[in-house]
Amino acid sequence: MEKKNCFLLFMVISFIGNTQEKPNILWIITDDHRPDALACYNQITTGKKESSLGYVMSPNIDELATEGTFFVNAYSNSPMCTPSRSSMMTGRYPFRSGHYKFYSHQEADFVKPMVSQILKDKGYGTAVFGKTGWGIYKHLDGKKNTHTDFFDYNMHFKRDLQANGIGDIFYADAKVEFIDGIFSPIKTVEKAIYPDGSIKTYHTQLRDKKMPEIDKKTMQSVDQEFDILRTYTRLNKGLIIGGVNPQKAGNTVDGVIVKEYVNYLTNANKSYKTSWGKQVKGANSKKPLFVNLGFHLPHTPVLPPKKYRDIFKNKKYNIPEFSTDELSNFPPQLVTLYNECKTDQLTDEEKLQAIQDYYAFCAYGDALIGEAVETFTSYCKANNQEYLIIFTIGDHGWHLGEQGIMAKFGPWKQSVQNAAIVVASDKKKFPPGKIYNNIVEFVDFAPTILAATGEDISTENYEYLDGYDLASVINDSKPIREYAIGEVNVVCGHRAYMRTEDFAFSMRTRDKWDVSKAPFLNDDINWALTCDRPKADMALYDLRKDPLEKNNIADAKNYVKLADWFRNKLGTIVLGDGRVECDWTQPNSYNISNFAGGADTKTLDIPKSIIPSL
């Protein structure tokens, strides 16, 4: 009897030892994805499945939303791929990471690790598929960086797919210089990959030399064959904002990203060959798993496969209206942004195509996301493992004519107001069908992931995190945030923004076009708070009566005091509450401005007397 009891005890201990307590995590991030491309988002926010522009289709994501919690007001902390993804991966605002543009590295001693690095150290198997785009390198010289510094397995859409002749139509090479902080293309090269594997390569821009006739003819033939629609402003010259993909659904670059991700999971614990013939190992099912699935869509080139384009090509859409009266209220900095990204060169027919093709591309992404989620949950169930799924709906948004542009980069809703869905096998943590309407931010994803793995993010080790664990947010153990903030430096110089339920405010933060270099780090840091009022380039929108942000009232007589209040509130936070400016061309050259430490209180204390009544 004693031997039998000992044996049973041994079996129980063995079972406990083999039980995986930490959940597998799938983090999906799309690119330039407007939340109104999802019927579920529109149903929640407006009561109608279609967007304000028209028809959308998202059955798989709609189903995912019913299985977890929908955060309908999740704000990007930068309206540009690299600083936005950097903020997500580190849980730090751009002004506290010093990452305002394209590049940063981890040699500077103030830099904090990416969430994937922490999980690797805690015993997770880690993998990333598709677009990374965080712009963080292990070393000053990016060539020293190994792809396993951040993830155990890294499958990149450019390095592994496009470079090996897998994909559709893409920008293969580009050389640019910066004039007053603005892109000035010297040359751009495009490739079109056909289903039979043949490739056409041609210049789309060649600034200092005459474009060869063969390139012109090749580009024209590709444009005609695939109904390509391009923009023609200086910044966006030649960008493809519409057309049909040369590849069938499933064979586009995003389709192959998902194929590789599926192969990685379905070939767990064994070797297999990738689409480009490389022998690799699948997931290790004996470890908890963290996978980042980075879609390139619906980023330009906007090229939905024919199957999806045919569904949308005859749909009618409302084309956003934009007038010179609206433009006349832009501060000079935003006029510069408009001039680099404007749509006034497009006809109404072309604008309609751009909208149709964008939403069609998003619908194709919905199908791929459905496949990815099903594969992941099947993997977890087969291995008897708990899971967490985070779907970040766009690293930021995209304008389809609002504010007169087809781009991102701005402080407006279409650039920075996104959404997120979080699903867990433990339904108590993220209840199915729950809708959270208060403000959350992209810096919340890192602490949410870390907390889900059992990390105590209240400890000193994690004091640097700017975000909250979303599981704590929805159970009301964290205070409600009354604003979201962010900053970027691209196209028109440094600009920060603050979004609240009732107001949207933005301003120039630095009196320079580009990011700082040593020795001018945080120099004249109070400039935006003390300069003559017009130089701060303020924009203020009263969302209570102007939800489309068409009338900047920063200089309106009855809003001047309110705009000045926002100027001081936002400026004090992003300039004086731990602001970092780093010279990323050097290993450890930075300055931290902390003249207003603690200014980021997450609360608004606007004097009621300066808020105009409606």
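A: Begin with a term: a cavity is a set of grid points where a 1.4 Å probe fits but cannot get out. Keep in mind that the model is predicted.

Q: What volume does the second largest cavity have?
A: The volume of the second largest cavity is about 70 Å³. Its lining includes Gln162, Asp168, Phe170, His296 and Phe361. Strand 7 (169–179) and helix 9 (253–266) each give at least two residues to that lining. By class, six residues of the lining are nonpolar, four are polar and two are charged.

Q: How many cavities of 30 Å³ or more does the structure hold?
A: There are four of them. In the largest cavity lies about 120 Å³ of space. Among the residues that line the largest cavity are Arg92, Arg96, His105, Lys112 and Trp584. At least two lining residues come from each of helix 4 (81–90), helix 5 (94–97) and strand 3 (104–105). The lining of the largest cavity counts four nonpolar, five polar and three charged residues.

Q: How is a pocket read, and how much space lies in the second largest pocket?
A: A pocket, in contrast to a cavity, is an open set of points. The second largest pocket holds about 1,200 Å³ of space. It is lined by 45 residues, and those closest to its centre are Lys413, Gln417, Arg499, Leu543 and Pro547.

Q: Which helix gives the most to the lining of the second largest pocket?
A: Helix 2 does, with five residues. Helix 2 (39–46), strand 2 (69–75) and helix 14 (413–416) each supply at least two. The classes in this lining are 17 nonpolar, 13 polar and 15 charged residues.

Q: Now the sheet. How do strands pair in general, and in what order do the four strands of the open sheet run?
A: Strands of a sheet pair through backbone hydrogen bonds, in a parallel or an antiparallel way. Here the order is 19-20-21-22, and the pairing is antiparallel.

Q: Why is one side of strand 19 and of strand 22 left without a neighbour in the sheet?
A: Strand 19 (484–489) and strand 22 (539–542) are at the edges and have a single partner strand each, so one side of each has no neighbour in the sheet. From one strand to the next, the twist averages 10 degrees.

Q: Which helix packs on the sheet?
A: Helix 12 (residues 332–341) packs on it and touches strand 20 (494–499), strand 21 and strand 22. The direction of helix 12 makes about 105 degrees with that of strand 20.

Q: How many bridges join strand 21 and strand 22?
A: Strand 21 (residues 503–508) pairs with strand 22 over four bridges, in the antiparallel sense. Opposite serine 506 stands alanine 539 of strand 22.

How values were computed:
Residues numbered from 1 in each chain as written. Predicted model: local features only at pLDDT ≥ 70, side-chain atom pairs only at ≥ 80, totals over all residues. Heavy atoms only, no water. Pairing = 2+ DSSP bridges. Axes fitted to C-alpha atoms, helices over the stretch in contact; angles between N-to-C directions. Contact = heavy atoms within 4.5 Å. 1 Å grid on protein atoms, 1.4 Å probe; cavity = no way out; pocket = protein on both sides within 12 Å on 5 of 7 lines; lining within 4 Å. Points joined across faces, edges and corners; volume = space filled by probe spheres on them. Nonpolar A, V, L, I, M, F, W, Y, C, P; charged D, E, K, R; others polar.
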